[in-house]
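Subject: Structure handover

Hi,

Here is the structure I promised to pass on to you. Please have a look at it first, and then read my notes below.

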Amino acid sequence: MKILVMTPTNKQLLPIVDSVIKVLKNLGEKYEIDTLPLNIFYLNCSYFQRKLYKLGYKAAENKYEKNIVAELQEKCNQFQPDFILVLNGTNVSVPVQKFLSNYKTILWLWDSYKRDNLLSSFVNLATEIFCFEYEDIEFLAQKNIFAHYLPLGADSEIYCPRECKRDIDISFVGTASKERIALLDKVCERALQENWTVKIGGPFYDTKHFWKKYLFKYRRAHLEKFLANRLFLPSELAELYNRSKICLNINTTIHHSLSPRTFEICATKSFQLMNSGQNSNGLMNLETDLATFDGADDLLEKVKFFLENDELREKIALAGYNSVMKNCTLKKSVEKLLAESEIVRGFY
């Protein structure tokens, strides 16, 4: 079976893309895999072209889309895929979506359907849909569109337990949001009082403008002291989780299904403290596999409590690890997609 995988070029998603492709290629000789990186014009054009685009000049975009469709047509003619697997989906423009409607296409959403306008047309054109966000299934059902639930599991070859000292009290890595920044600043303020060791990473401010750093420092002086303002490689993340006594997981308000971070932390057999309000959809037990908090005050109390209770942290971390290994590895996610897909079943 020939599978053409269309992949996003977003730097934050590339590690997951690489892991999915690796899993597909390791499934056996019956699957032949080819890939085509793809992005929409606005995220792949020059600064000057973007300015013109905002002013209403669409000539450059039209040329770009025409070239993308031509490239995709050539790839399909050469490879002759049995179906096309689209990862993420928010990187696919309407002209490309229309071209893909000529092929059997599986769309695997890696973000909430409600966050991206491009997906409103794509969900009507794709042959099959798999959703990262469980709530999207019901939302799409209201539009008479059937979708499967398929979370992004952890790459267990990268996120795995390691023999090392847990010399970091608290860690968090992710992109910035108002709720994350507010909570982390309070944690860092308490950390300075309690002498906790804290490591926070991720793109929190734009490094293209030097003054952004000083503005962030002025507004969030406590947080800035512990922040590494950059993307982390998966290997760096795995090492950080293994070294951390408490790995924070602060989900944004739009998501209520478990994120890849949830599984990746547990896959390293590390203790996780996550904000409440998430739904495990039967994948994990949120009362035994990790700990949750409600608001800033509860977070600070539980950080202090769990830092003082090593054995309890290890017990919870082990339960989370066992659950993820059973249900939530990336290999199991890909296998589930292939097992549930009517397109794939039609070939056997």
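What follows is a short tour of what turned up in it.

A word on the ground rules first. This is a predicted model, so local features need pLDDT of at least 70 and side-chain atom pairs count only at pLDDT 80 or more, while totals for chains, interfaces and linings use all residues. Residues are numbered from 1 along each chain as its sequence is written, and side-chain values use heavy atoms, with hydrogens and water left out.

**Sheets**

Helices (H or I, at least four residues) and strands (E, at least two) are DSSP runs, numbered from the N terminus. Two strands pair if DSSP finds at least two bridges between them.

An open sheet of six strands has parallel pairing and the order 2-1-3-4-5-6. Its edges are strand 2 (32-38) and strand 6 (148-149), each of which pairs on one side only. Strand 6 runs parallel to strand 5 (residues 128-131), joined by two bridges, and F130 has H148 as its bridge partner there.

Next comes strand 7 (residues 168-173), which pairs in the parallel sense with strand 8 (residues 198-201) over four bridges. The chain gets from strand 7 to strand 8 through helix 7 (residues 178-194), and this β-α-β crossover is right-handed (with the strands pointing away from the viewer, the path from the first strand over the helix to the second runs clockwise). Strand 7 also pairs with strand 10 (residues 244-249), again in the parallel sense, over three bridges. I170 takes part in both pairings: its bridge partner in strand 8 is V198, and I246 stands opposite I170 in strand 10. Six of the six residues of strand 7 are buried, so this strand is largely enclosed by the rest of the structure. Here buried means under 20% relative accessible area, exposed over 50%, and partly exposed in between (1.4 Å probe, protein chains only).

Strand 8 in turn runs parallel to strand 9 (residues 227-228), with two bridges joining them. G201 faces two ways as well: V173 stands opposite G201, and so does A228 in strand 9.

**Charged pairs**

How many salt bridges does a search of the whole structure find? The count is 13, where a salt bridge is a side-chain nitrogen of Lys or Arg within 4 Å of a carboxyl oxygen of Asp or Glu. Three of them are worth a click:

- E157 and K22 meet at 3.3 Å, N to O. The pair links distant parts of the chain, 135 residues apart: E157 is in the loop between strand 6 and strand 7, and K22 is in helix 1 (residues 14-25). E157 is exposed at 59% relative accessible area, whereas K22 is partly exposed at 27%.
- E194 and K304 meet at 3.8 Å, N to O. E194 lies in helix 7 and K304 in helix 12 (residues 295-307), so the pair ties together parts that are 110 residues apart in sequence. Both count as partly exposed, E194 at 32% and K304 at 33%.
- D298 and K302 have their closest N and O atoms 3.3 Å apart. Both lie in helix 12, four residues apart, about one turn of the helix. D298 is buried at 19% relative accessibility, and K302 is partly exposed at 25%.

Shared partners also join K22, D155 and E157 into one salt-bridge network.

E224, in helix 9 (residues 221-224), makes a contrasting case. E224 is buried yet has no salt bridge, and the nearest side chain of opposite charge (Lys and Arg count as positive and Asp and Glu as negative; His and the chain ends are not counted) is K217, 4.6 Å away. Leaving out residues up to four places away in sequence, E224 touches K213, F216 and K217 (contact means heavy atoms within 4.5 Å).

**Cysteines and backbone**

There are zero disulfides, a disulfide being a pair of cysteine sulfur atoms within 2.5 Å. For C164, the nearest cysteine sulfur is that of C160, 10 Å away. C164 is partly exposed at 36% relative accessibility, while C76 is buried at 1%.

Two residues other than glycine have a positive phi: Q80, near 55°, and N88, near 80°. Q80 sits in the loop between helix 3 and strand 3 (83-88). N88 belongs to strand 3 and is buried at 7% relative accessibility.

Happy browsing, and best wishes
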